[in-house]
There are 2 protein chains.
Amino acid sequence: MGMDMTGTVDDANGGLGGGPDAAVTGRCDVLSRIIGPDDVKALSHSELHELCGEIRSTLIAYGHAHGGHIGSNLGMVEATVALHRVFDSPYDRIVFDVSHQSYVHKMLTGRAQAYLNPSRFDEVTGFTNPDESVHDQFVLGHTGTSISLACGLAKTRDMRAAANHDDAGIGNVIAVIGDGSLSSGIAFEGLNNAAEQGGNLIIVFNDNEMSIAGDFGGMYGPLARLRESNGTAQPNIFNAFGLDYRYVADGNDVDALVNAFEEVKGIDHPVVVHIHTLKGAGLESGDDGSREVAHATDTGANETSNLAHVEPWHSDHCNLSDHEPHEGQCEASHWQTPDKAIGRPDDPRKHYGKLAMAALERRFPTEPGLVVISPATPGSNGITHEFRERAGAHYVDTGITEAHAVTFAAGIAKAGGTPVVATTASFFQRAYDQFFQEMSLNRSRMTVLDFLGGLSGSDNTHSGAYDVTMFANIPGVTMLVPTSTRDYLADLAWATMPADTTGAEGAPEGPVVIRVPGQAILERERALGHAVTPEEVLRGESATAEAGDAAQMLRYRIDHQGADVAIIALGNTYPLAEAVVNALAHADTPIDATLIDPRQCTSLDTVTMESLRADHRLVITLEDGQLEGGWGEKVTAYYANHRAPQSEPARDPRTPRVLNFGADKEFTDRVPLADLNERYGLTVGSIIARIREALTGRS
Amino acid sequence: MGMDMTGTVDDANGGLGGGPDAAVTGRCDVLSRIIGPDDVKALSHSELHELCGEIRSTLIAYGHAHGGHIGSNLGMVEATVALHRVFDSPYDRIVFDVSHQSYVHKMLTGRAQAYLNPSRFDEVTGFTNPDESVHDQFVLGHTGTSISLACGLAKTRDMRAAANHDDAGIGNVIAVIGDGSLSSGIAFEGLNNAAEQGGNLIIVFNDNEMSIAGDFGGMYGPLARLRESNGTAQPNIFNAFGLDYRYVADGNDVDALVNAFEEVKGIDHPVVVHIHTLKGAGLESGDDGSREVAHATDTGANETSNLAHVEPWHSDHCNLSDHEPHEGQCEASHWQTPDKAIGRPDDPRKHYGKLAMAALERRFPTEPGLVVISPATPGSNGITHEFRERAGAHYVDTGITEAHAVTFAAGIAKAGGTPVVATTASFFQRAYDQFFQEMSLNRSRMTVLDFLGGLSGSDNTHSGAYDVTMFANIPGVTMLVPTSTRDYLADLAWATMPADTTGAEGAPEGPVVIRVPGQAILERERALGHAVTPEEVLRGESATAEAGDAAQMLRYRIDHQGADVAIIALGNTYPLAEAVVNALAHADTPIDATLIDPRQCTSLDTVTMESLRADHRLVITLEDGQLEGGWGEKVTAYYANHRAPQSEPARDPRTPRVLNFGADKEFTDRVPLADLNERYGLTVGSIIARIREALTGRS
């Protein structure tokens, strides 16, 4: 699936982009006057060019202050202006794929101030959103779906026109796709269906050469030849899907684009308008020149780029600013870090991702079958450029193709290799069926590194709150949820035990998902001085626990033995549980609560659970994901369905009451994590209050 | 996702193909001698041709007696023989996409008797299976994954060879794809990655013109021109993905195939071998000529076939035998019904599918936005050929593209149309991310018809036991689980209320999934004389309930008010619950149990649940799907977390104990439904025993 744009750091924190001092730009006389598409149409030819310039300078200033998908939007300035010059949104419907390239569209549809005025930056999201504007068709954040959506819009338009015996005046439907999205399987399904459907449908393919996931994939060569031939060479992949085709060599020439769009406006059949744009157009390589930026055009594993004219950071993959100029910053994050984030330490994804890569890299020389697979966006997960260079064939970027990546890993496993597939939790949803079929049903010995699982302040298209619900209910999957670096590396070592150990005592019998620790755990480790560096791991200096055997890996760990109340805290909630136990111990009416780290969420350690019966009245489960279908309900259901037989006199027949803490079944959009924890009662105060109520029977 | 091949009827029933009288064929002197691929290599040229003939006659006889994917296997006879003549399985690894075309492969790898001898028919599954043979690489039943799997096999081979500094003697990797699979998105992801990866990889594209989901999609035209030009025309879609390409015009000429495979054996880069085969080759149109077979080449919505030379039933889509010769039999099922099944009444998928289509068809004249979408395999779900002809533009077959189909529907909904997407539960797993994003997050007013949900005797790749776990845990989804025709049609009417009613009182606020009733419900309705015909529904003669308002649709229904024990039975378990209530009422120590139909599984009717506190000690949940992450655990967790406050003196503080009945978290392969029910305690005896135990405290 998807573009990796979990919301900007700012968004997640609910903050603004640096206050008034970060004020964006000079005068934007034309842009400031644009209230809607009609204003774009009313501009003179010279004003149209001025508008493009103003938008570009606004985007750059905005990027520095706020972060965002600046590179891809810079490439789309002229195309978006031309779209609104020619077409009549919302009567004509424009669907932006992933919708991360919609900033210019937003500026032209009444929301320019949200980019011009720092105090209003948070008035818009990073994606299209029908709640913001009638010009936004959908909320989208995963790749490749725009063509299918456009087919649906067009289908209904045409059926209504047929019913009305009137096809005059029906609107155009336009899908804008590119910048990596075309490697997603659903985009091809859409292409194949578009021609079959017929009728007006305009697919604008934004080919910024970064497309196809960073020059990735076999179609890159033919696409390059298509560009070189001014759109005339064969094989033409769009023709191969039965589609009409136009080519615009300079996709940053607003006049050429206006002409091209006018030609296809009102067309009676599907057509692809292939526009060759320059990602990051308008950025000078010296812009904000104090920062060295390397490898800007490398967004994949294979450095076959021939984009000599591309300036160093014409890529979303390339942060406008990054505190680690030599390491992976160029695609380190699809959301560009704003200036004020410089110097911050790694977020948990990058931190723990780097540790995992270091642990694996140590083994590359002796394990030819060990392969790290990233369906795009490696940098966000700490899979740095330098790592990838050193890894060579041990690293594969498959493009934005989660389904392929997971299936590819199953193939590697079958051949006896050791695959590790890494991406963000919400993107893994694209491989749900492959997790069932090729991975689990086939007992593939593979490892899934699940990043950004659990609650976060992410936008609503990238939330990781559903990962346990997804993975833990697939038969045959083991999902480990480590709460420390030590466990995390031990889990990784166990999951990636070479295939020739399969069946040997202790090795996993099938696939293992490891949920990468989140912010709460990283903060705890930093506070305790437990955080290690990737360099230490790479040099073997950190005390990385050895992998245990299977029985050991799946056992709950009683970290503190108390009585009456047991708190079983999954993953990122473990530090919260510690705090609750501490607070209970030091309360006026102290309770010596038991603290348990379950370490995994796919099987119940019934031995430990049974041991609680004798002297625990209450079991608390904590998880930082959705309660419904999640882990805590499994604990509740176990005790509900398994009561100690009264016929065993040696045992107390008591069944502890279970209380579950976790997230509601809902979508949340850029709600700060602290607010979510408050909302769901995942706070020390709330948990203790419910414990007290339950013990006194007043609940 | 997928081919629709849930296992043969026989498999599901554990029966055999008609006993010795169904003995298959004449003498198969050559085939009987084939123990493994070496024996194929040892044959003389004339014996090779004899072998093909014997296999063909064996397949036909087997199809009559047992059912199966006969058409597609008939097309692959020579190609499979040639593969084993040229390549050295298992050293060379052959991956059969979907693996429904692997019968011939099985015959040639030690399993011929499982096709020759009716008493041994059940010794093999309908798909490849590593537990059966080292020549089978994977268990596969969903489409399009073979190229990705092959990439993984090849990757590990090449990394090992590099580590050993030895690339001599490394095996070939061959993916065999076609017969509809190429329209799946993951197949394109695989194609795009194959060329990028490089190294030996041979993709055999079985183009039987039925491929591409029945001539479906924009790529059909270019593929036809490719065939007409003997593989020389552009655009060549495989070239467009950067792949080398060979064409074999007669893919049923074993000598030509042997030559073509010998040419590519040991090749150092990925290549596509496009073989043009005849699906069902060897079937005479008069074979078993007493049955009329119509429309055999129509497998999609669009009747653009130009396959004049294709004989009437050269398609898996076309049953060898069907009791309804005029209605949809040609792609009614991907598993061909054996002779002995003739005259059986419709299975529940077809029965309830036909009712839904009839109810929708009545509205087509007045609702131009009402569209039924089937990602292939419509016939299995009662979406008959005749319906499709009448539906015209109101019906769309998207090819085997669940992700596109669901997204397409979201587009239709956005434009104000009324989309209904219908396919089999396990195939919908392919659209998991789209259900989250395009469907639910966007509050798309669309309906999902979920066929074969719940337990069945299906094979392990097509089980519907996980559908509630999938749908019910997605925020914003409403999943209805009707237990009667009346409810089913009312649910459909409510879910498909036109979009202009959105926001109006009573209309759904977002997407609705309807689980199509299964065998237990159909049997109950037939026994009660409640089953109606599609014709009655179409004519408006059946008493179809009107859609209620939202509050009403989501309310639990107390069908019998008793005391002490309440049984809440979801969907297909409702008849079982009735039987339990009856048995309890007439027991020696009678219990007047309450019987509740929850009607949906996505929200809890807490009013009804609270009402049980006063006089029920025990609540039983029944569901015919996976317990973990399923529906019953939600009920359990509700009572565990919500106890009646003791401070309310008017209320009994009792919280009923909850017992959950449902399926384990496991894969099952062709286990008869009755056996599964026994295994999971979903029987009257087992449920009553647990109720008695719980009431007496002896559990």
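**Where the two chains meet**

Mentor: Start with one pair: B:Asp433 forms a salt bridge with A:Arg430, and their closest N and O atoms are 2.7 Å apart. A salt bridge here is a side-chain nitrogen of Lys or Arg within 4 Å of a carboxyl oxygen of Asp or Glu. Before more, the ground rules: this is a predicted model, where local features need pLDDT of at least 70, side-chain atom pairs count only at pLDDT 80 or more, and totals for chains, interfaces and linings use all residues. Residues are numbered from 1 along each chain as its sequence is written, chains are lettered from A and ligands numbered from 1 in the order in which they are written, and side-chain values use heavy atoms, leaving out hydrogens and water.

Trainee: How many salt bridges does the rule find across the interface of chain A and chain B?
Mentor: Six. Over all chains, the count comes to 64.

Trainee: And polar contacts across that interface, how many residue pairs?
Mentor: The rule finds 50 residue pairs, both residues at pLDDT 80 or more. A polar contact is a pair of N or O atoms within 3.5 Å; within protein, one must be able to donate a hydrogen and the other to accept it, and residues adjacent in sequence count only if both atoms are side-chain atoms.

Trainee: What residues make up the side of chain A that touches chain B?
Mentor: They divide into 47 nonpolar, 49 polar and 22 charged. Ala, Val, Leu, Ile, Met, Phe, Trp, Tyr, Cys and Pro count as nonpolar, Asp, Glu, Lys and Arg as charged, and the others, Gly among them, as polar.

Trainee: What area is buried between chain A and chain B?
Mentor: About 9,500 Å², with carbon and sulfur atoms giving 57%. That is the accessible area (1.4 Å probe) that two parts lose on being put together, summed over both. In contacts (heavy atoms within 4.5 Å), 118 residues of chain A meet 118 residues of chain B.

Trainee: New topic. In what order do the five strands of the open sheet in chain B run?
Mentor: The order is 12-14-13-15-16, with mixed pairing. Strands (E, at least two residues) and helices (H or I, at least four) are DSSP runs, numbered from the N terminus. Two strands pair if DSSP finds at least two bridges between them.

Trainee: Which are the edge strands?
Mentor: Strand 12 (557-560) and strand 16 (657-663) of chain B, each pairing on one side only.

Trainee: How do strand 15 and strand 16 of chain B run, parallel or antiparallel?
Mentor: Parallel, joined by six bridges. B:Val619 stands opposite B:Val658 in strand 16 of chain B. Helix 27 (residues 632-641) of chain B packs on the sheet, touching both strand 15 and strand 16, and its direction makes about 165° with that of strand 16. Axes are lines fitted to C-alpha atoms, for helices over the stretch in contact, and angles run from 0 to 180 degrees between N-to-C directions.

Trainee: Now loops. Where is A:Pro235?
Mentor: In the loop between helix 12 and helix 13 of chain A. The peptide bond from A:Gln234 to A:Pro235 is cis, with omega near 0°. A:Ser229 lies in that loop between helix 12 (220-228) and helix 13 (237-240) of chain A too. The side chain of A:Ser229 reaches the backbone nitrogen of A:Ala233 at 2.7 Å.
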